[in-house]
Amino acid sequence: MKAFEWTNPASIDEAIQLLKSAPAAADPDDAARPIAGGQDLLTTMKDYLTRPSRVVNLKNIRGMNLIQGDGKRGLTIGALVTLSQLEEHPVVRSSFPGLAEAAHSVATPQIRNLGTVGGNLCQRPRCWYYRLEEAVCLKKGGSECFAAKGENKYNAIFGGGPSYIVHPSDLAPMLLALGASVSVAGPEGKRVIPIDKFFTLPSEGNIRRENVLRNDEIITRIQVPASALAAHSAYLKFKERESLDFALASVAVAIDRGPNKIVKQSRIVLGGVAPIPWRVPDAEKFLEGKTLAGETLNEAGRIALAGANPLEKNAYKVPLGQTLVRRALARLETA
């Protein structure tokens, strides 16, 4: 690990100033970095994927570890709220059940006790070419995405190219399904970003970044609106190992139903299959005016994965994703 300066700001403004005033970096991976739980940042530093000259510890900033609100007013979740806090919070469990399930699905209790909501959204890719120090892939300033023609079992089947990473966050698909937004603070002030505008595709944004955050900005909180969708939400994840693993594929669903359990509105977001949380509006539209039963569930799963473009070794994600969509919707039918 490269030597770095450790700083402990007591306020958001001080943290931003420390990020802004850090020595200029010729390579974006050498820029100053904020740290909260450190579950992802420290691993990238140990592998020399990021080499910050300054690390800005956010843990001493008061008020960023609170969950406020309820099912009627919506939730405000501080960026330093841990995943354990989120999954165990009584309001989250009762009024936003899918969000509690997504938080619970992350890794192990030890990691959830340290990992934060903001950090989960800002994780770096887990692609093994990116994580291998010697492989200078497209995400690290090289000229080629080695996964495109190499070992791509875990890579994208939607939205890929020129890089085929998948975003590792479990919270992101569920927060997108719930219509959340991200509050960000930086030297130029504060801004609120709808979460569907926060993440960027490799073909549309900075190929070396996964979101629109600038190096001198930090997430301060996440806002989840109150809606009829929130109470009927679920998150399902399939992983290769029983614990401490990322999603091969996942799905976040949220449903608003009227009389006779007819679907009025739905949101379906896939995880583990694209460089961003992947919403499937065609499947959502298909469900309108129907009940969640029988062949409707099968067809919704088929439509949700209809636009997939698998690589050589990850076509299994198509039937896997279809099954997860079907099972998640079936769970909400009985809820």
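Is isoleucine 207 buried, partly exposed or exposed? With a relative accessibility of 22%, isoleucine 207 counts as partly exposed, because buried means under 20% relative accessible area, exposed means over 50%, and partly exposed lies in between, with a 1.4 Å probe and protein chains only.

Before I continue, a word on the source. This is a predicted model, in which local features need pLDDT of at least 70, side-chain atom pairs count only at pLDDT 80 or more, and totals for chains, interfaces and linings use all residues. Residues are numbered from 1 along each chain as its sequence is written, and side-chain values use heavy atoms, with hydrogens and water left out.

Let us return to isoleucine 207. This residue sits in the loop between helix 10 (195-198) and strand 8 (218-224); helices (H or I, at least four residues) and strands (E, at least two) are DSSP runs, numbered from the N terminus. Leaving aside residues up to four places away in sequence, isoleucine 207 touches Leu138, Lys139, Pro162, Ser163 and Pro202, where contact means heavy atoms within 4.5 Å. From isoleucine 207 to valine 280 there are 73 residues in sequence and 23 Å in space, C-alpha to C-alpha.

I turn next to strand 8. Five of its seven residues are buried, and strand 8 is thus mostly covered. Two strands pair if DSSP finds at least two bridges between them. Strand 8 pairs with strand 5 (residues 74-78) in the antiparallel sense over four bridges, and isoleucine 222 of strand 8 is the bridge partner of isoleucine 77. Strand 8 also pairs with strand 6 (residues 181-186), in the antiparallel sense over five bridges; here isoleucine 219 of strand 8 is the bridge partner of valine 184.

Aspartate 245 lies in the loop between strand 9 (233-239) and strand 10 (247-257). Its relative accessibility is 15%, so aspartate 245 counts as buried. Residues up to four places away in sequence not counted, aspartate 245 touches Lys237, Lys239 and Glu240.

Finally, I come to a pair of helices. The axes of helix 13 (residues 295-304) and helix 14 (residues 317-334) come within 8 Å and cross at roughly 140°. Axes are lines fitted to C-alpha atoms, for helices over the stretch in contact, and angles run from 0 to 180 degrees between N-to-C directions. Helix 13 and helix 14 are therefore oblique to each other, since angles under 35 degrees count as roughly parallel, over 145 as roughly antiparallel, 65 to 115 as roughly perpendicular and the rest as oblique.
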